[in-house]
Amino acid sequence: MCQTIKKDFPDRDDDFYKMFLSTEVLRLMIDNEWVNQSIFSQHGQIEKKNRDAFDYFNSGLVGFEWQERVSRFAERIYNLRRVPNIEIIIQDIIDGNLVSRFAEIEVGSHLHGRGIKFEFVIPSGQKGKDYDIQIVEPLKINCEVKHKIESTNLSENTLTNTIRASNDQLPTDIPAIIFIKIPERWAFEPDLIKTIKNTFKPFFQRNKDHIIGIVLRWEQRDSYNEGMFYWIFRLFFNEKYQTNHEIEFFLNQLEGKRTIGTSFSDIVSKYFH
């Protein structure tokens, strides 16, 4: 693929090659028509099921945000291609559920990049057994992933309802972690820490036997370079949970640096120069 792109489009810059590679990977791994409608505005006709993806990528404005989100998404999908049940996630994206599934892709990328083996869980539709991800090594841990859209306002009720709904999806006899993708602007809310303390503390006390902690994740722009985006995460450990060496090892992995995975930027540097 790289040789063909380089031959057909010689002497282009790295951003061009990275985007071309990204869209071709998505055509192969997801769907050609989905790519046309969700990523490229010039195709005009956009089915209703693809509108959320088109808006999320900001495909109406072909700028850095569009480029960053598309290439990052393609890289994540590529790196997770061998994770069990990834095909369920891909089919759900084709069916129009990119936004909620993107949060699971991001969590999966976080785990995979740190050498934590996991699988996406086939939906059961049963309360207490309908979580999103199961970590299988170094030990079995169930994970529920929630996504709060950018227009959601921060409040104790919002967080309380979110973690309560997450807990309802999880078995109580197996250790569990809740991942929540929060709006970027929440990170700058002066009441965020207070709100977290007021909601997480009683929740942890009530669920000390199985909830290891809650991980908040959000996308953040570099204030010194508007063209850069980062994923920030913070683990809130349940201090009431009775930990052990296996749990401590896992938490160190979870909070460690990414060491595994293919970078599209590295591919461009290697094959297009």
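This is a predicted model: local features need pLDDT of at least 70, side-chain atom pairs count only at pLDDT 80 or more; totals for chains, interfaces and linings use all residues.
Let's call a residue buried when its relative accessible area is under 20%, exposed when it is over 50%, and partly exposed in between, using a 1.4 Å probe and protein chains only. Side-chain values use heavy atoms, with hydrogens and water left out, and residues are numbered from 1 along each chain as its sequence is written.

Side chains of opposite charge can pair when their charged atoms come close. Here a salt bridge is a side-chain nitrogen of Lys or Arg within 4 Å of a carboxyl oxygen of Asp or Glu, and the count comes to 15. Glutamate 189 pairs with arginine 185, N to O at 4.0 Å, and arginine 185 is itself partly exposed at 32%.

Now for some buried pairs. Glutamate 104 and arginine 101 form a salt bridge with their closest N and O atoms 2.6 Å apart, and both residues are buried. They sit three residues apart in helix α7 (residues 98-112), so about one helical turn separates them. Helices here are DSSP runs (H or I, at least four residues), as are strands (E, at least two), numbered from the N terminus.

Which residue meets arginine 69 in a salt bridge? The partner is glutamate 219, at 2.6 Å from N to O. This pair links distant parts of the chain, with arginine 69 in helix α5 and glutamate 219 in strand β5, 150 residues apart. Both arginine 69 and glutamate 219 are buried. They also belong to a salt-bridge network that links Glu65, Arg69, Arg72, Glu75, Arg76, Glu106, Arg217 and Glu219.

Arginine 76, another member of that network, lies in helix α5 and counts as buried, because its relative accessibility is 13%. Leaving out residues up to four places away in sequence, arginine 76 touches Ile105, Glu106, Ser109 and Trp231, where contact means heavy atoms within 4.5 Å.

Serine 59 is found in the loop between α4 (48-57) and α5 (64-79). Is this serine 59 buried or exposed? It counts as buried, because its relative accessibility is 0%. Beyond neighbours within four places in sequence, serine 59 is in contact with Ser38, Ile39, Ser41, Phe54 and Trp66.
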